[in-house]
Amino acid sequence: MKKLVLLVAVLAVSLTSCQTENTDVTAPADYTFLRDGGNTAFMGGQTDRLAMGGELGSSLKDFTKSATDLQEMFANEDASGNNVDPYTSAALNASSKSVRSKTAASVAYFSSNASSSAAIKADFDNWISSQVSEVFSTKDSAAAPGKSGQIADGSSARYVNSMGLEYDQVILKGLIGAFVTDQILNNYLDPLTLDAGSNVDDNDNVLLETDKNYTTMEHKWDEGYGYLFGGADDKVNPMSTLGTDDSFLNKYLGKVVADTDFSDKGDIIFNAFKLGRAAIVAGNYEVRDAQVAIIRETISEVIGIRAVKYLEAGKDALAAEDWGGAFHDLSEGYGFVYSLQFTRNPESGSPYFSQSEVEGFLSDMMSDGSNGLWDLQSTTLSTISSDIAARFDFTVLQVTN
Amino acid sequence: MAGLLFCSCDTNNFVEDTWDRTPMLTYWSDEIIIPSWTSYSSKTANMVDAAEAFSDNPTVTNYDVFKASVLSAYGGWQWVSFLEIGPGEAENVRYRTNTYPTDTLNVANTALNYNGLNVPNLGLPSTFAQQGFPAIDFLLNRYESSDSAATYFSNNEGPRLYIAALVNELNNASQAILLEWNTYRSVFISNDGSSASSSLNKMANDYVFHYEKELRAGKIGIPAGVFSGNTYPGKVEAIFSDTWSSILFNEGLKAHARFFNGVSFDSLVVGPSFSQYLDHLNIRRDDTTLSFIIANQFNIAKQSAGTITETYSTTVGQDVFKMLSLFDELQVNTINMKTDMMQAFNVKVDYVDVDGD
């Protein structure tokens, strides 16, 4: 990380001294990119999908919904692929976008791995249907080991399956990885997308898309940006509302920067998006790729930090026999651990944790006894937390203090 | 001399912590916690008797007697609300007893349709806002006079029976918790270490949490709009009664102050307490002991509460600055206790919540 920043700084310094080559790049103050006075940065599809995911999230706790209703909110089509209108927002119903089709769908990780993509989509499909068949159906009874139902978390009621798991939390936090992070890091910011076809030549020659004010490469970058900042009302200056603009990565990046140990993570990511976009305009792909590396590392770290945060909070709550509080934290943790398989280590080009490592963690969480989270031991959680932290550049203590 | 020696220090005087927790835990159990639950339980038992008499014969006199028994029990609750540790916590008793504002629509419907048999499952967390004193307050206190109340209940058997059922639930819970303390007492006393799950650490956390969230925020700060900028007269405790809100707050404040100072429930003795523990550690701010600063601040808050003569909902609506001044005085001790006292005891605050959703 430090090396990368240094490299960028050196580049910036050295490039300013050779302006004749027209390759010096500096990050603008905000995410304003104009051409002939007109805006060039558009991310409406991302804004829509984040809003669709938000409606799905609240509906997962609406007992009047059927499994079909929820599945249609996830996919924005019915089981036969026909158009449906599952949202309360007319604008979203009019949109053809879908969360499910962008889940485990990045070019880098899944374009030649259809079986893995299908298996991950099936995880979400199953969690959604189980939320109705297992959890909605027992909403008026008390949860117990081996028995789904509701359980108190302070003054709130949490609705868990027979293992203590809240599916709605698993789904939402799992989508932060499988949908949002995968799309940003492994799809839109990947050279396979940015440099696809004639994108580089077109960008160098400022060949705009038909009837658009942007080059394809510019637009791909903006779409990546949109999965983090597209929920903001002010997409040009989104940092003042960070944490409040969606239920996904924006929300949890907001929580991460609230911890003084990690307060710079938001600015690091935002600056890298700005500088990378400016680099595309300048045709400087070295600077662009350095920003990709920063974004990959930092967003991956955010997933890791939140995973550890919830596992450790769950551990404390279990020790206090605060079952409802513990299950809520652990269900969020379960989703963030699931999301680790969609992270991207800029040096290796692989996830920080492989799919099988993630499966191992999740299986460990659920198999200390026959009743899942009810039997979960603090040592199991400590091991997973420290394994996660060890692979990133932070410590468990930084997360919990 | 000691004052001179320590006057330049802030709070840390490097006194070794040799405080023996066992006598304090024993004293708390025998002189404060169990007597408080015993008293509350006898009040809930009285309330059950009065509810039955009223339900059998809804006269004006029986209504007034019943209403007085509810206020007495609601006041008694303020003395145990922060003593939820152990059996009470396992029963979610605080949420079941005093979650407000109550869900009036739901309570009204259930009461009107109640036939003595179709009792909802009040053990479920989703029903916290449909039971306890706030629901009883709603059913019992929204009449212009005792006459009109007695007339209403004479003509409506469902609400009459349902209010008795709610009262029974409270009594069942309090009797069960009191009984549990027979066995939990030794667990509580023997858990005398200093880990996060030790009795003192949990009690200190429960106490400070309750002071901050229930007494300061729930009863005063939230209705006065401290956290939102909007005042919420409807979120006052016991909103449907005329005078209960200030009575209940003052009971709660008194109970907190006395627990801090180690005054026994019967007021006859003073024993090991947060106050004495702070003195043992010689915790001072400038030349004044922290124990005195906190005890004195409780008195200041009490005086501030005494300036409020109207009901809290009226005060929030018409003279909110009185509520805000009271909040400010309560806030002073939040910091004294949550920061300075907990640090002195080396107890980590365990309720910095991770998440709101």
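**Note on a predicted two-chain model**

1. Helices H3(B) and H8(B) are roughly perpendicular to each other (angles of 65 to 115 degrees count as roughly perpendicular, under 35 as roughly parallel, over 145 as roughly antiparallel and the rest as oblique). Their packing angle is about 105°, and their axes lie 9 Å apart. Axes are lines fitted to C-alpha atoms, for helices over the stretch in contact, and angles run from 0 to 180 degrees between N-to-C directions. H3(B) brings B:Val60, B:Tyr63 and B:Asp64 to the contact, while H8(B) brings B:Ser146, B:Asp147, B:Ala149 and B:Ala150. Two residues are in contact if their C-beta atoms, placed from the backbone, lie within 7 Å. Four residues of this contact are nonpolar, one is polar and two are charged (Ala, Val, Leu, Ile, Met, Phe, Trp, Tyr, Cys and Pro count as nonpolar; Asp, Glu, Lys and Arg as charged; the others, Gly among them, as polar).

2. The model is predicted: local features need pLDDT of at least 70, side-chain atom pairs count only at pLDDT 80 or more, and totals for chains, interfaces and linings use all residues. Residues are numbered from 1 along each chain as its sequence is written, and chains are lettered from A and ligands numbered from 1 in the order in which they are written. Helices (H or I, at least four residues) and strands (E, at least two) are DSSP runs, numbered from the N terminus.

3. The average pLDDT of chain A is 94 (pLDDT is the predictor's confidence in each residue, from 0 to 100). In chain A, 94% of the residues score at least 70. Residues 5–22 of chain A fall below 50, and this stretch has 12 contacts in the model beyond near neighbours in sequence. Where pLDDT is low, the predicted coordinates should not be read in detail.

4. Where the chains meet, 15 residues of chain A are in contact with 13 residues of chain B. On the chain A side, strand S3 (149–153), strand S4 (156–160) and helix H13 (285–319) each supply at least two residues. H13(A) gives the most, with five residues. This side of chain A has eight nonpolar, three polar and four charged residues.

5. Helices H2 (residues 44–59) and H3 (residues 67–75) of chain A pack at about 160°, with their axes 9 Å apart. H2(A) and H3(A) are therefore roughly antiparallel. The contact involves A:Met52, A:Glu55, A:Leu56 and A:Ser59 of H2(A), and A:Leu70, A:Met73 and A:Phe74 of H3(A). Five of these residues are nonpolar, one is polar and one is charged.

6. How many of the 10 residues of H7(B) are buried? Nine are, so this helix, residues 132–141, is largely enclosed by the rest of the structure. A residue is buried if 20 or more other C-beta atoms, placed from the backbone, lie within 10 Å of its own, exposed if 12 or fewer, and partly exposed in between. Among the buried residues are B:Phe133, B:Ile136 and B:Leu140. The buried residues pack against helices H3 (60–80), H5 (93–98), H6 (104–112) and H9 (157–190) of chain B.

7. Some backbone details deserve a look. The peptide bond from B:Tyr100 to B:Pro101 is cis, with omega near 0°; B:Pro101 sits in the loop between H5 and H6 of chain B. A:Glu321, not a glycine, has a positive phi of about 55°. With 11 C-beta neighbours inside 10 Å, A:Glu321 counts as exposed.
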